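Thanks for making time for this one.

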Amino acid sequence: MIAGVVGGGTMGAGIAHLLLAGGHDVVLAEAGADRAEAARLAVTRSLAKAAERGKLTGTPDALLAGLTVVEDLADLPSAAELVVEAVPEDADLKRRVLTQVASVCPTAVLASNTSSLSISALADGLPGERLIGMHFFNPVPVQELVELVHHDGVGPDVVVRVRAWAEALGKTVIEVRDSPGFATSRLGVAVGMEAIRMLEEGVASAEDIDTGMRLGYGWPMGPLKLTDLVGLDVRLAIAKHLAAELGPRFEPPALLRDKVDRGELGRKTGRGFFAW
């Protein structure tokens, strides 16, 4: 399969890695030479780390031979069967990207990696029968889950094809009807916001809140460490969206807003609820 990925940040690079490891040719689109080179390096590092852990079939160099990085959406292959957009969580930006991709790749399935935005709204003005939500989790090559989000206008054959592709990549698939936050973000953000409120109120330390959820409920990591991993800015944006759609129970705590204002965004900046 020839696949496209739009956006070479953490998620986009991970999706490109996954597709390459699955034996597919990948065209990764970024904006500008510097960002394109950064995306190429991110995929290269990701594959190298997987090889060091013994989690890669084939060598990184052999897999990278299937990667092409371009600086313009117009350079995506017209014969692509699947194009996944992984640009920031901005509905207008995603819609602009998907509109251009739909024109450049006239038969491709259009998949959005959004974690909370309405797929129905993104489909407005697009060939909606080709659009589906394909929500991967960070780090993409490691996390087992893919959340498929379908709206009323998606073609049934598209759902079947995307599920088959995801399962062939070694993922477990859940299907969710389009609704704010889908299943995973809605539940994950709810717990995360409550954990932040507990820290804000002095109920317990960040370490003890997370330890309680790991040992008491079997979570692989606590909600505060997970927020650091996802990015406090990303979690804040999702919480604001869910608060607008579903009400004040998702209203972001002041502590989260303050940390984002100070640039404490989690692992990517070296400090969030923990020091990294």
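Let me begin with a term: I call two strands paired if DSSP finds at least two bridges between them, and the helices (H or I, at least four residues) and strands (E, at least two) are themselves DSSP runs, numbered from the N terminus. Please keep in mind that this is a predicted model, in which local features need pLDDT of at least 70 and side-chain atom pairs count only at pLDDT 80 or more, while totals for chains, interfaces and linings use all residues. Residues are numbered from 1 along each chain as its sequence is written, and side-chain values use heavy atoms, with hydrogens and water left out.

Now to strand β1, residues 2–6, where four of the five residues are buried, so the strand is largely enclosed by the rest of the structure; buried here means under 20% relative accessible area, exposed means over 50%, and partly exposed lies in between, with a 1.4 Å probe and protein chains only. β1 pairs in the parallel sense with β2, residues 25–29, over five bridges, and Ala3 stands opposite Val26 in β2. Between β1 and β2 the chain passes through helix α1, residues 10–21, in a right-handed β-α-β crossover, which means that, with the strands pointing away from the viewer, the path from the first strand over the helix to the second runs clockwise. β1 also pairs in the parallel sense with β4, residues 82–85, over four bridges, and there Val5 has Val84 as its bridge partner.

Which residues of β6 are buried on one side, and which on the other? Leu131, Gly133 and His135 are buried on one side, and Ile132 and Met134 on the other. In a regular strand the side chains alternate between the two faces of the sheet. β6, residues 131–135, pairs in the parallel sense with β5, residues 109–112, over three bridges, with Leu110 bridged to Leu131. With β7, residues 145–150, β6 pairs in the antiparallel sense, again over three bridges, and His135 stands opposite Glu147.

Next, the second largest pocket, which is lined by 18 residues, with Thr10, Ala42, Ser46, Lys49 and Arg267 lying nearest its centre. The elements giving two or more residues to that lining are α1 and α2, the latter spanning 33–52.

Finally, the two backbone spots. A cis peptide bond, with omega of about -5°, joins Asn138 and Pro139, and Pro139 is found in the loop between β6 and β7. Phe182 has a positive phi of about 55° although it is not a glycine; this residue is found in the loop between β8 (172–177) and α7 (184–200), and Phe182 is buried, with a relative accessible area of 3%.

Note on methods:
On a 1 Å grid over the protein atoms alone, a cavity is a set of points where a 1.4 Å probe fits but cannot get out, and a pocket is an open set with protein on both sides within 12 Å along at least five of seven lines; lining residues have an atom within 4 Å of a point.
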